[in-house]
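Here are my notes on this one, as numbered points. Have a look at the model alongside them.

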Amino acid sequence: MAAESPPEFPSPNKLKREVSTPYLLRGLKQTKYAHTMPLEHFSSDDESETSESDFSSSDEESDEEAREVSSGQRKRAMPTEENEDKENYEAYFHNNRNVKTSNKTLDDLKLEKLDHQKVLKVVGKEKPTFAAYRDALVSEHKESFPVWKVYLQEGFNVLTYGFGSKRPILIQFCKKMLKHDYHIVINGYFPNLTIRGLLNTITSEVLGSSATYKSVADQIRYIKACSYRELYLVINNIDGVNLRNEKAQQVLAELGAIDHVHIIASVDHINSPLLWDDGKLQLFNWLWIDCTSYLTYTDETSADCSVLDKTAGDVSLSSMTHVLASLTPNAKNIFRLIGNIQLKAGKDFQGISFQDFYIKCREQFLVNSDTTLRTQLTEFKDHKLIKSRNKNGVELLYISAENSILQQFLDNSTF
């Protein structure tokens, strides 16, 4: 078969009348016959004359454009989309620079306060549209209970995570898999939970010891020595507010490292892994299991304040912890002082006058003037940690929290 002959190209002089030479060469390089074209086609005398005229005309155009730019006669470039967006942003902030913030609060609505049971009843009326899928998901987790039990017996501690409450699932695990074993259910979200109370429950109710221990380390050593009895600790919310401290997590990690003590727990906070360093993780020996349930956090949030609850005005443990964490050590000691005064007085405490409190702060070298103390009290009042009431023309200061919550906060605080 005869080889395919290259296509015939028009005369270069004809092409130059339509396009420039560089554009022609650039186009030829993109064809499969460009390499076969002889160079003679682009080296004629006419081409040289035409090229020189083209270059001279382009130089004149460039000089003319430069003169227009220098004299400011050149037209302004069309605005781009990016420039338009920038102008819109600037116009928005310019038009809204005098916006005033409203000082209205939820208290201005004067909503009727309900007791906790009525709040749960109102919330429970809402039925999710995905109830069937949620029930199927919970049933799937229940089928894995025997596997979880094997994990615990093999030396792992099980940690469940995922969206939704895990408490109903862990309760079902206790009823189905631990009904013949010693186990303790610990609610980490409970406001009055203490690590000392947990250890006392283990030593007295499970191990039957009536001895008193000087320290937490002595109780852990005693529990470790009682290897004749296996114990399962079921901890709902091991990342609860009362367990988010170094001491509590260290004690739980040491318990989890004991061979005859097994822990199955749940976490809900997104930053829960930050509770444990490498040493604690090695002691816990967690086996992470996805236990997404989409169940409501009814029990876990029962101790929190709600705008519909009658106890919404009281300070919660979490709010005290978060606010005081950002204050200076001197401010923390002032709060501790008034807290100890309130706990020492008991339920009959109506408040302490500013002058008496100022004297006590001066005795402990916490303030050097009444102005400094008033400034600090103003910050406490802004965060609603401390309130005041007038009695016979005297301002009385007090902490608007239950004594049990206040006692727990002072016991767990490290300042």
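1. Which helix does lysine 344 lie in? Lysine 344 is part of helix H14, residues 329-345 (helices are DSSP runs of H or I with at least four residues, strands runs of E with at least two, numbered from the N terminus). Its side of the story is solvent: lysine 344 is exposed, at 78% relative accessible area (exposed is over 50%, buried under 20%, partly exposed in between, with a 1.4 Å probe and protein chains only).

2. A word on the basis. This is a predicted model, where local features need pLDDT of at least 70 and side-chain atom pairs count only at pLDDT 80 or more, while totals for chains, interfaces and linings use all residues. Residues are numbered from 1 along each chain as its sequence is written, and side-chain values use heavy atoms, leaving out hydrogens and water.

3. The largest nonpolar core has 32 residues, and Ile202, Leu233, Ile235, Ile238, Leu252 and Leu255 touch the most other members (such a core is a set of buried Ala, Val, Leu, Ile, Met, Phe, Trp, Tyr and Cys residues joined through side-chain atoms within 4.5 Å). Elements giving two or more residues to this core include strand E2 (182-187), helix H9 (195-206) and strand E4 (261-266). A second, separate core holds 31 residues, among them Leu327 and Phe349.

4. Cysteine 226 is buried at 6%, and cysteine 291 is buried at 1%. The disulfide count is 0, taking a pair of cysteine sulfur atoms within 2.5 Å as the rule.
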